[in-house]
Protein chains: 2
Amino acid sequence: MTEKTTETKVEEAQTAALRIASLSDDERSEALHAIAETIDARHEEILEANERDVREAEELLEAGEYSQALVDRLKLSSSKLDSITDMVRSVAAQEDPLGKTQEARKLDERLELYKRSVPIGVVGTIFESRPDALVQIASLCLRSGNAVILKGGSEASHSNRILFELIQEATADVPSGWAQLIEARADVDTVLGMDDSIDLVMPRGSSEFVSYIQDNTSIPVLGHTEGVCHVYVDSEADIPMATDIAYDAKVQYPAVCNAVETLLVHESVAEEFLPEIAAQYEDADVEMRGDDASRAIVPMETASETDWETEYGDLVIAVKIVGSLEEATDHITTYGSKHTDSIVTDDSTRAGLFMRSLDSASVFHNASTRFADGFRYGLGAEVGISTGKIHARGPVGLEGLTTYQYFLEGDGQVVGTYAGADAKPFLHEDFDASWNQGSLSNQ
Amino acid sequence: MTEKTTETKVEEAQTAALRIASLSDDERSEALHAIAETIDARHEEILEANERDVREAEELLEAGEYSQALVDRLKLSSSKLDSITDMVRSVAAQEDPLGKTQEARKLDERLELYKRSVPIGVVGTIFESRPDALVQIASLCLRSGNAVILKGGSEASHSNRILFELIQEATADVPSGWAQLIEARADVDTVLGMDDSIDLVMPRGSSEFVSYIQDNTSIPVLGHTEGVCHVYVDSEADIPMATDIAYDAKVQYPAVCNAVETLLVHESVAEEFLPEIAAQYEDADVEMRGDDASRAIVPMETASETDWETEYGDLVIAVKIVGSLEEATDHITTYGSKHTDSIVTDDSTRAGLFMRSLDSASVFHNASTRFADGFRYGLGAEVGISTGKIHARGPVGLEGLTTYQYFLEGDGQVVGTYAGADAKPFLHEDFDASWNQGSLSNQ
């Protein structure tokens, strides 16, 4: 059998997309349970394939081409496979994102308009190293009725192949072709060029990787580049609260995009706040880099212009003293990445001013930036975090994999009746609609 | 005074965008009323400038470079200006699209998450000929709190300039820089390249023009390319109803994107339906082009492969006989443009099957495709029609010029409390929220 071309695979996915969209909630959930069961039953095969990837990666580690972190991310175990199937079952348990009537409007008697959530169509996904990403992405797409093109990292190719085969085997009842695996690096560019057939691209990987994807496709991209998040300690801040928040936002998990990178401190509280937080940061081995005013209060390295725009992703924090709330929001507008920014203040008017002045996906009052996350927001399964403003923004749940269609149920009406001198007026009465209308029901 | 560069103009718009977003509903509406009043009071100046454009266009018409249709579209009159100010006032009267709480969720006691609608930021618009487009687009952007870059056609440059100046004069209370006019053709490419500063591009013009924009920018585009819409007359159709719908969908206004281009007819009703519609089309001078089976029933030109994918925008229609509903949906999937497709049938099960099998923005049962329109859908002011699936789809109202932000109101909470072995569980209780919460209110 010769390998299919990427174009053929994408075409098959397109055909399958129209069919998978019609599966019922139960059919999609059951298919996910079947995936979980198949993975549960076949640990041995999966771990064997994974071992080949790990062995090859370890050789490249010795040759200095791979990092230990990459090898660690690559490695599967029975307990890791258990947490993967837990995840698949939790996606199956999510509320159905499809068929929700977002609007129902009577345009006239017996002329009813419904705006309902439907799958996007074909989702192209490109991800690095972790083989669990393949299972997670395929599960999210299946739950939301989308066909999916999967392109994993070459370092995980044996693991990805066996996981993909098991998913296909488990979903024999799902319209075939709904999931497609592509393997060659060159195929990524083919996928990025297929803007007529692929409706959304979801890259998972480093900021540079996501930026590369964004710059090289005219397909909409759902992904996140960098997170340069700020905590602003206002003149009216409660200092122990500000210290707790600044500490948590940096130290609790410094490698993630919602960790704070720059601390902005109002000059009127700097002398009280900075020594407090510096003592705590010292205990946690956090390196502080400050402007001259900060360094006059607490000894630390000098922050350069570059520091203000850097996502350290590490135990390093930049510190700047500002003369006003406006100076803080100006700084954030200039150097921030519109991800998540928080103000600590007891004055709700000042909090409102701060929050309304910023164009960030998440703006917080008296809370750690680390709360910006799909699980903590209660969105259920997290599809990803988006730094775009269009379609989906901030933490994105299954809803991010849906769009909508307008359905109009008429009785033979023509527009001529509603146009011209004797035009009949429209009613335009919104009404409550149950989620599955007669002829539109999936059952 | 030297002319500002496009980059400077876009930067000014970005700064203004953060400020205009904070204007209250009333402030934005009042600014629109001021625009209407200023235009009402200054017809003479506007018509004088417009006359210069028309004179220049007429010279190019004589030289054979412009069409009469272009000159007609360009021409303003006092009554046309009246309908422009009516439109501005109707945009002012629209419900505020901003500050709507789409979700409100208690993550824990005194830790409340709000998802609220906010402006997108900076909208780049590129439009052809009609000078009323400038006023309409500026009004829609102002109503929704967005800054706007306006690039009109060079043929309307005098009209656009005076209208732009009057808008600026009338909106002296709005943060300056919210609207920017650019005039040189070369600046379009500058705008399309500014994906870091411009959040959305809205092109208005021909399909080719919109396609050009889509292919030449990585900024999200809200626009519509072509509309190859279908009416499918099912085996269970009511024939008089099918005739009325097929007639209205083609004849009522053939130049628009939601007019029908191809008629698909089930073989079991073709002998009854085709002669009926052919007689009516003949009276309206509609040219029919059919497949062999249609031509065996009614004499007409032969339809070629090209006809199935053509948006005639004229009194021409392609006709094809199909053996089944599936053949109809397959044809639509192959040749359609996912705009609007309608089935005529008395069988609601078959209607549901048709509607669920298609991936079109609008799918209709027993209604003319011409209903696919923001006004008829009751969306209020129509921002445009989108043939994209992401963000906004089909007819788009003011909502299409908004995105959302997450606002989190806390009491000093840190993520550390909710992580690890003794993690406190989240509440995740949705609640009803009034539209303007304390510190987030625009007032």
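**View 1. Y406(A) is a buried residue in an aromatic pair.** In this predicted model, Y406(A) has 2% relative accessibility and counts as buried (buried means under 20% relative accessible area, exposed over 50%, partly exposed in between; 1.4 Å probe, protein chains only). Its ring partner is Y404(A), in an edge-to-face pair at 5.7 Å centre to centre with 80° between the planes. Rings of Phe, Tyr and Trp (its six-membered ring) pair if their centres lie within 6.5 Å; planes under 30 degrees apart count as stacked, over 60 as edge-to-face and the rest as tilted. Y404(A) is also buried, at 11% relative accessibility.

**View 2. Y418(A) and F426(A) form a stacked pair.** The ring centres lie 4.6 Å apart and the planes stand at 10°, so the pair counts as stacked. Y418(A) is buried, with a relative accessible area of 8%. F426(A) is buried too, at 14%. Elsewhere, F371(A), F375(A), Y418(B) and F426(B) form one aromatic cluster. Over all chains, a search of the whole structure finds 16 aromatic pairs.

**View 3. Charged side chains sit over rings.** R116(A) lies over the face of F407(A), 5.6 Å from the ring centre. In chain B, the charged end of K320(B) sits over the ring of W308(B), 5.6 Å from its centre. The criterion is NZ of Lys or CZ of Arg within 6 Å of the ring centre and within 35 degrees of the ring normal.

**View 4. Strand β16 of chain B pairs with strands of both chains.** Of the 12 residues in β16(B) (402-413), 11 are buried, so the strand is largely enclosed by the rest of the structure. Strands are DSSP runs of E, at least two residues; helices are runs of H or I, at least four residues; both are numbered from the N terminus. Two strands pair if DSSP finds at least two bridges between them. Strand β13 of chain A (362-367) runs parallel to β16(B), joined by 5 bridges. Here S362(A) stands opposite Y406(B). Strand β2 of chain B (111-119) pairs with β16(B) in the antiparallel sense over 8 bridges. E112(B) stands opposite E409(B).

**View 5. An open sheet of 4 strands in chain B has parallel pairing.** The strand order is β5-β4-β3-β6. β5 (179-182) and β6 (200-204) stand at the edges with a single partner strand each, so one side of each has no neighbour in the sheet. Neighbouring strands are turned by 20° against each other on average, direction ignored. β4(B) (147-151) and β5(B) are joined by 4 bridges. V148(B) has A179(B) as its bridge partner in β5(B). Helix α7 of chain B (157-170) lies across β3 (122-127), β4 and β5, at about 165° to β5(B). Axes are lines fitted to C-alpha atoms, for helices over the stretch in contact (heavy atoms within 4.5 Å), and angles run from 0 to 180 degrees between N-to-C directions.

**View 6. A two-fold axis relates chains A and B.** A rotation of 180° with 0.0 Å of shift along its axis superposes chain A on chain B, RMSD 0.1 Å. In chain A, the C-alpha of H391(A) is nearest the axis, 2.0 Å from it. The same surface serves both copies: 100% of the contact residues of chain A recur in chain B.

**Notes.** Residues are numbered from 1 along each chain as its sequence is written, and chains are lettered from A and ligands numbered from 1 in the order in which they are written. Local features need pLDDT of at least 70, side-chain atom pairs count only at pLDDT 80 or more, and totals for chains, interfaces and linings use all residues, while side-chain values use heavy atoms, with hydrogens and water left out.

Conventions. Copies are superposed by least squares on the C-alpha atoms of residues with pLDDT of at least 70 in both.
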